[in-house]
Every structure is written in structure tokens, then in C-alpha cells.
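Here is a short report on one protein model and its ligand. Keep the structure open as you read.

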Amino acid sequence: MSKKVALITGVTGQDGAYLSEYLIKKGYVVHGIKRRSSLFNTDRIDHLYQDPHEETRNMILHYGDMTDSMNLTRIIGDVQPDEIYNLAAMSHVKVSFDTPEYTANADGIGTLRILEAVRLLNLTNKTRIYQASTSELYGLVQEIPQKETTPFYPRSPYAVAKLYSYWITVNYREAYGMHASNGILFNHESPLRGETFVTRKVTRAVSRIALGLQKKVYMGNLSSKRDWGHAKDYIKAMYLILQQDTPDDYVISTGVTTTIRDFIKMSFSELGIDVMFRGVDEKEEGYITNINENIFTKIVGEEHLLNFKKRIGEVVVGVDPAYFRPTEVDILIGDNTKARTKLGWEPTYDLKALCHDMVMHDIELMKKEEFLKNGGYRILNYFE
Ligand code: NAP
Ligand code: GDD
């Protein structure tokens, strides 16, 4: 039997990497679209890379861009995929306020380019399409928790572009009978998460603070709440959505919501450090109250304990309004009943397990001298 062929846009991103690995293990041939970059941008998938001279490859990369219709149409025509996972996007909400037109082009019209290419190439009966929709669509939430029927109210250029993608996917499904579905995924994180999203920014910073490499981290809105799951669980939902006989739209979430403030406390406590917060708004700050010496010694290292103990009482978290967004999404919490009942999907990681996975990864990463030499400090200069 010939192998199933999947095409993944955004293959170099967090979800693209986990999904590629998952599909290859299932016996797929995976084609991925990556952007040309002046630096290597395939770190997350390098372990899957195969030399083009190998005869039987199950991972093949193509240069492409969501803003280039001809390029996308040519790739889809060449690959003739059974399944397309459209994961490519300018995915940072804060950055979308700085680059609204580009975001609309890549995240909105980009989806149309994929759908229209499949239609023009007469692949409507063959190719199933997954669209990476988002809980950001709920924005100024109209209902708690949010489910498939909750009205959308997007609050950023990113979310507005994704709103177009959501509806154009529904429209092509209804107009042309295409197997095109939306996964409305709530925030999902992992050790592969981009460094400027809040969870990864925090797990990197607490690791560096514990090792004495950084004094303090500056954050934005500490009171917003997110429903965080593990990306490893969420890519399985993408796969399941495309295995259904009929296309449909699904909320994928954990059903638990937590403030940024509490995620910061959780992350420090993974390293045996207790942090409390005082003050409000821009004056809010987090300071060290206690250290669990056993945990700290075991994970961070005995050689750092003496120095760190001197820091009890020190402020390690501050607020910088530069990170505030012009319009914020205050709370997201999803109702995943439909996914549980129809797809048989459920999350296997709770927030504690996710946080543990990320902090353990980052503490090891920060201990590596090579990493520091290669620009471990860069993030401090960005306002995302
Ligand atoms: P990510 O790590 O930021 O990855 C985005 C991917 O898209 C990267 O491979 C990026 O390439 C690529 N890309 C960006 N602009 C492109 C363009 N113009 N042409 C071609 N490729 C482009 O995002 P993620 O967390 O994996 O998320 C995957 C998708 O799910 C995104 O569409 C995101 O909006 C959506 N989503 C994410 C979440 C979440 O919590 N993670 C929740 C709901 C929906 P480079 O590597 O070259 O930058
Ligand atoms: N990035 C960031 N940096 N966010 C901060 C910071 C900070 O220093 N301080 C507080 N936050 C708050 C943001 O204001 C937001 O309320 C929350 O942390 C989460 O921010 P992000 O991690 O950047 O994610 P997001 O929720 O805006 O968007 C992510 O999830 C969406 C799904 O709901 C992205 O992955 C989107 O692509 C995705 O669609």
C-alpha cells in the first residue's frame, strides 16, 4: 500500500515539528514548507531531516511562503497531498499590532491561497485540509467557557486575520464540498515553544535567574488568564480531525484557566524557589520569599545554593508596560466536550506536568555554556 502524504505549512514551528514527527511515526511521507532565511531556521526538525540523496525519504522540505500563491499552488500540485495541515502564520499577537498588513496577508489570505489551489488543481475530493484556528477568535469573550457555538470577538490584527481564515475554510467546505476543518486550539506550549510567548519567556527566565545569569524578568499583564495545554497532545487532535468521515470544527482545550502570575509562581517552585507578588498594575513585583534547599540543590545545583540564599527578599519579576497590548484578551477557557465525545481526544498533560517539562528543559539548556555564547541574552532586548 502506498504511504499517505501530508503537506505541512509552518513545518519549522512548534506544532509543525511535533506533528511531523507524529505523522512520520504513523508511516506518512511528510512534506513541509519552510521559508528562506539568512540563518538556519530548521532547529526544531533537524532530527527528522534526511539527505535528499537517500532513495526513500519520509521528510521532504520545500521553500515557500504563505504570501506567494504561485509557489503554494506549484508545491501542492507537485506533492498531491492526502492531507494539508495549514499551520504557517505570523503567530505572535503583540507583533501583529506592529505588522497588521503582513499578518492579514500571511494569516488570512494565505489560507485562501491554499484552499483555492486545492480547488484549481482538482484535488477537492482527494485532499483534506486542517486550518489552524485559534481561541484568540473569542477575544472579548461572550461566554465562559468558550465552545464551538460561542460568538467570536477578535481583539488583535492576528485574531481578525484568523477570523477570515476560519470563515473561508467553512465557506469552501460548504460551497465546494471540501473536507476542510478548523481546529480552534487554545494556547498550547512545550519546550519547543517560541521564546517570546509568555510561558517560554518565563521558564527560560526562571532558569537563568536560578543559575545567577539574570537578575530580573520584566513582564506585561500578569492578570490575564489562559487555558494552557501541551503541544504534544494538541497535534494529535489535528490528526484526528482529518481522520473523521465528515469535516467539522472543534475546540481543543484543557478546561482549566490560570493567570500569568500563577504560572510564574509555579515555574519558580519547580526549582524550589517561592515567589510572592505585591503592588498593583505597573508597580506590581514578584520577590523571593523562601528556598526549598533540597529541590534547588537537586535541580539547579549545590554550587549555586549559597549565592542564591543571599537573594531571599530580592525582586525577580517586574512589570514593563511596553509589553501591554493595545487590546487584551483577559480570559480564555475552553469547553472541549465535542472533541472528547466525537474525536475521542483528551489532554494527557495538566498544567503542572507541562510546566515541569518546560522548566526541566530550560534549566538544562541554560546550563550549557555553548547556549550562552550563542546569544542566550538576546531576549532581554525584545518587547513582545
Ligand atoms: P509558530 O511556532 O510561531 O510557527 C509558525 C510557523 O509558521 C513557523 O514555521 C514559521 O516559519 C511559519 N511561517 C510564518 N510566516 C510564514 C509565511 N509567511 N510563510 C510560510 N511560513 C510562515 O506557531 P505554532 O505555535 O507552531 O502554531 C501553529 C499554528 O497554530 C499557527 O498558525 C498559530 O497561529 C496557530 N495556533 C497556535 C496556538 C498555540 O498556542 N501555539 C493556538 C492556536 C492556534 P519560521 O520558523 O521561519 O518563522
Ligand atoms: N508574550 C508575552 N510576553 N505575553 C505576556 C507577557 C510577556 O512578557 N506578560 C504578560 N503576557 C500576557 C499577554 O498579554 C497575554 O495575555 C498572555 O500573556 C499570553 O500571551 P502569549 O503567550 O504571547 O500568547 P497569546 O495568548 O497572546 O497567543 C498565543 O495563543 C493563541 C491561542 O489563544 C499564540 O500562540 C497565538 O498564535 C495563539 O493563537
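## Contacts with the ligand

Start with N41: an N or O atom in its side chain is 3.4 Å from an oxygen atom of ligand 1. D15 uses its backbone instead, with an N or O atom 2.8 Å from an oxygen atom of ligand 1. R193 places a polar side-chain atom 3.2 Å from a nitrogen atom of the ligand. Alone, ligand 1 exposes 900 Å², and the protein buries 90% of that. Such areas come from the Shrake-Rupley method with a 1.4 Å probe.

This is a predicted model: local features need pLDDT of at least 70, side-chain atom pairs count only at pLDDT 80 or more, and totals for chains, interfaces and linings use all residues. Residues are numbered from 1 along each chain as its sequence is written, chains are lettered from A and ligands numbered from 1 in the order in which they are written, and side-chain values use heavy atoms, leaving out hydrogens and water.

## The shell around the ligand

How many residues surround ligand 1? There are 25, and the closest are T12, R35, S91, Y102 and Y158. A residue is near the ligand if one of its heavy atoms lies within 4 Å of it. By class, the shell holds ten nonpolar, ten polar and five charged residues.

Four elements each supply at least two shell residues: α1 (14-25), α4 (100-120), β5 (128-134) and α5 (157-176). Strand β5 gives the most, with three. Helices (H or I, at least four residues) and strands (E, at least two) are DSSP runs, numbered from the N terminus.

## Salt bridges

The whole structure has 21 salt bridges. In each, a side-chain nitrogen of Lys or Arg lies within 4 Å of a carboxyl oxygen of Asp or Glu. R193, the ligand contact, also pairs with E189 at 2.7 Å, N to O. Both R193 and E189 are buried (under 20% relative accessible area; exposed is over 50%, partly exposed in between; 1.4 Å probe, protein chains only).

K265 and D262 meet at 4.0 Å, N to O. They sit three residues apart in helix α8 (residues 260-270), so about one helical turn separates them. K265 is partly exposed at 33%, and D262 is partly exposed at 34%.

K309 and E293 form a salt bridge of 3.0 Å, N to O. This pair links distant parts of the chain, 16 residues apart: K309 lies in helix α10 (residues 305-309) and E293 in helix α9 (residues 293-299). Elsewhere, salt bridges that share partners join E136, R226 and E328 into one network.

Definitions and conventions
A polar contact is a pair of N or O atoms within 3.5 Å; within protein, one must be able to donate a hydrogen and the other to accept it, and residues adjacent in sequence count only if both atoms are side-chain atoms. Ala, Val, Leu, Ile, Met, Phe, Trp, Tyr, Cys and Pro count as nonpolar, Asp, Glu, Lys and Arg as charged, and the others, Gly among them, as polar.
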